[in-house]
Amino acid sequence: MSIKLKAGIRNVAGKGAARSVRNNKKVPAVVYGEKKTPIAIELNGKEWVELIKKPGLRTKLFEIETPNGIENAMLMDIQYHPVSDAPIHVDFKRIDVAKPVSVVVPIELLNFETAKGLKMGGTLNFAVRKVAIVAKVNDIPEKITVDLAALNIGDVVHGSALKLPAGVELGLRQADLAFVIIGGKMAEEADAAKPAAAAKDAKGAKGAKAPAKAAAPAKDAKPAAKPAAKKK
């Protein structure tokens, strides 16, 4: 679902003009891309501050209504004031809604509490938490889910095994990435390792040599000289 914004046109650019926009409780922004001339716009400051509290804005289509028409764009960057942390500038990039775009979306794990491998004592390694995908903007999902329920110890979920919605493809070099790993040893393996370890310890104890006895003094060795008596 797209996000609709209303924006005014900024006819004057530069730091001074941007400062004046912010003084009027608005946020300066720019829309560029698609081989068209960039346009400088201004957003309602209060509305924008409330909007950016919502997650996933970088994968949404923005329909920006300006006096010159509607711009279809995606959010690329937000600059914040170093002290107040208030947004001071926004960058949007125009897109063609008929063409696929490359974005990054988060991975969400399901059924952590009932995961088979974890209940058997395995450990979860959530190695890669975001995945790069390619899709038309209206087909971009908010997240990709991984179901842990049936995963056993030793199982690995690579990018090629992720379940993607219709119209969504993996980005470059994502197929071989290990996103989720259930580490640890199966119970049989752990039990089999115990006798081998015990046998190794027993063998080491048996082969250990007793400490060497102190060497006896030689037969013709002279006794150590007694210390001279002190003169009174």
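# Notebook: strands, rings, pockets

**Entry 1, strand β4.** I started with a hairpin: β4 and β5 form one, with two residues between them. My strands (E, at least two residues) and helices (H or I, at least four) are DSSP runs, numbered from the N terminus. I call two strands paired if DSSP finds at least two bridges between them. Before going on, I noted that this is a predicted model, where local features need pLDDT of at least 70 and side-chain atom pairs count only at pLDDT 80 or more, while totals for chains, interfaces and linings use all residues. Residues are numbered from 1 along each chain as its sequence is written, and side-chain values use heavy atoms, with hydrogens and water left out.

Back to β4: five bridges join it to β5, and the two run antiparallel. In that pairing I found I64 opposite E71 of β5. With β1, strand β4 runs parallel, joined by four bridges. There, K6 stands opposite E65 of β4.

Which residues of β4 are on the covered face, and which on the uncovered one? I listed F62, I64 and T66 as covered, E63 and E65 as uncovered.

I counted three aromatic pairs in the structure. For a pair, the ring centres of Phe, Tyr or Trp (its six-membered ring) must lie within 6.5 Å; planes under 30 degrees apart are stacked, over 60 edge-to-face, and the rest tilted. Why is the pair of W48 and F62 called tilted? The centres are 6.3 Å apart and the planes stand at 50°, so tilted is the word. This pair links distant parts of the chain, 14 residues apart: W48 sits in helix α2 (residues 45-51) and F62 in strand β4 (residues 62-66).

A pocket is an open set of points on a 1 Å grid over the protein atoms alone, where a 1.4 Å probe fits and protein lies on both sides within 12 Å along at least five of seven lines; lining residues have an atom within 4 Å of a point.

The largest pocket holds about 510 Å³ of space. Its lining has 23 residues, and R58, T59, M74, S102 and V103 lie nearest the centre. Elements giving two or more residues to that lining are β5 (69-80), β6 (87-94) and β7 (100-110). The largest share, seven residues, is from β7.

For the second largest pocket I got about 230 Å³. Of its 13 lining residues, I3, K4, L51, K54 and L57 lie nearest the centre. Here β1 (3-9) and α2 are the elements giving two or more residues, with β1 giving the largest share, four.

Conventions
Points joined across faces, edges and corners; volume = space filled by probe spheres on them. Buried < 20%, exposed > 50% of the residue type's maximum accessible area, 1.4 Å probe, protein only.
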